[in-house]
Each structure stands twice: as structure tokens, then as C-alpha cells.
Amino acid sequence: HDALPISEAEREQHFLSRALAALVVRDLTRCTNEEAAKAVTDGRHDNGIDALAFTGGTTRLWLIQTKWSDVGAARVTMSEVRDMLGGIRLIDERNFDRFNHRFQPFIDPIRAVLDGGIGKITLLIVAMRSEPLAAEVEQVLADEERRLNTWGDLFDHQILKSPDIWKIIRRDVAESGIEMIVKMADCSPADRSEEHTSELQSHHD
């Protein structure tokens, strides 16, 4: 069983973070809704990794961490980043048994990325916020990137913030051609432009 947040509001934010993780997987890979849902590994023993995606066949592995906030103020703490980096070390060391059951079906393609000689691992942090991450968080990420790349160009990291997330949502709406009624549209106006709002609403009308 998953370790769920205590309050109803926290549970809702947790659910929206999972939904965002699946949306990012679908945007990266063009997979189905069902495949995106199966790629979400969030829960107990996820080691800081909310979802996985593969692109370029089995040459690139995306390790995704998502943080939702209704008011566009998602926090990415040093502790959370250390959890993510700990998860990456476990993967690099092939300690797959330390991960939960949702992670297990992906072991073979992960091995293919690690052992193929041309693979790349990207830590993708997706946070509903407009401000940059704290300087100390960015420093820890940069330090780990250098450590993992001692023997080659294996690892990098990317940060997606509110404007990037809204672009993903807009692409998803445009490509699916279906009505999108989600809590995401209630996010603080300060965190998205009027253009974003009007484009989303045009699909609701």
C-alpha cells in the first residue's frame, strides 16, 4: 500500500502530481493513457521517482519527479532531491530490488539503457512553480551530474516549470480533441498567462 498524505487536500495534491507524471510520460513518448498510467511508479519505495519513460528505443531513460501546486508554488526540497539522487544511484548500481512493484516491469529496458554503451539517463523534475529551484538544490544536482559522468556522458537533468507544464497541457488538449475539465485549470492566474487560460477555455466551450 502507498503511504498517502494525511489530509484530503494533501491527497488531492498527491493525486494531481501523479496525474501530471502520467501526462508528462505521454507527452514524451506519445503512448496511450493506459501505458502512461502504468509508467507511474509513485508510492512507497519509489526512491524519489514518480514515473519512468523511454525514448529513442531503449537509449534514453527519463526518471520523472512531479510536484503539483494549485497556487503555482510547488516546493522541491533538498531532502526530496536527495531521495531522487539516491534512486538514481540504486539504478546505476543495479539494485532494482530496492524499488516497488510498479518499478519492476521496467528492469529489462533499464538494463538495456545502462548496458548499451550509448544510453542516457535524464532526471526530469516537473514542478508547478514559476521561480527557479533554490541555488543549493541546483548545486547538488550539478555535483551529482559531474560524479555520474566521470566515465562518460550518461546523466543529465532538466527542470520543467509552470509555463512548460501549460504547454504540455495545451498540446495534450489539441491532440486529443476531447474536452478537458481538470483541476489544473483552477491554478493561480499569476502562474499562467491570459492566453493560456483562454486557449484552455476554448476547449471547454
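**Reading helix α3**

Analyst: Helices (H or I, at least four residues) and strands (E, at least two) are DSSP runs, numbered from the N terminus. A caution on the source: this is a predicted model, where local features need pLDDT of at least 70 and side-chain atom pairs pLDDT 80 or more, while totals for chains, interfaces and linings use all residues. Residues are numbered from 1 along each chain as its sequence is written, and side-chain values use heavy atoms, leaving out hydrogens and water.

User: Which residues of α3 are buried?

Analyst: Buried means under 20% relative accessible area, exposed over 50%, and partly exposed in between (1.4 Å probe, protein chains only). An α-helix has 3.6 residues a turn, so residues three or four places apart point the same way. In α3, the buried residues are Met78, Val81, Met84, Leu85, Gly87, Ile88, Leu90 and Ile91. Their cover includes β2 (60–67), α4 (107–115), β3 (120–127), α5 (135–148) and β4 (155–160).

User: Which residues have the most contacts inside the largest nonpolar core?

Analyst: A nonpolar core is a set of buried Ala, Val, Leu, Ile, Met, Phe, Trp, Tyr and Cys residues joined through side-chain atoms within 4.5 Å. The largest one has 57 residues, and Leu63, Ile64, Ile91, Ile110 and Leu123 have the most contacts inside it. Beyond its neighbours within four places in sequence, Leu63 is in contact (heavy atoms within 4.5 Å) with residues including Ile49, Ile88, Ile91 and Leu123.

User: How many bridges join β1 to β2?

Analyst: Two strands pair if DSSP finds at least two bridges between them. Here 5 bridges join the antiparallel β1 and β2, with Leu52 opposite Leu63 of β2. Ala51, Ala53 and Thr55 point one way from β1, Leu52 and Phe54 the other, and all are buried.

User: Where should I look for a positive phi in a residue other than glycine?

Analyst: Most residues other than glycine have a negative phi. His45, however, has a positive phi near 60°, and Asn47 has one of about 55°. His45 counts as exposed because its relative accessibility is 51%, whereas Asn47, at 22%, is partly exposed.
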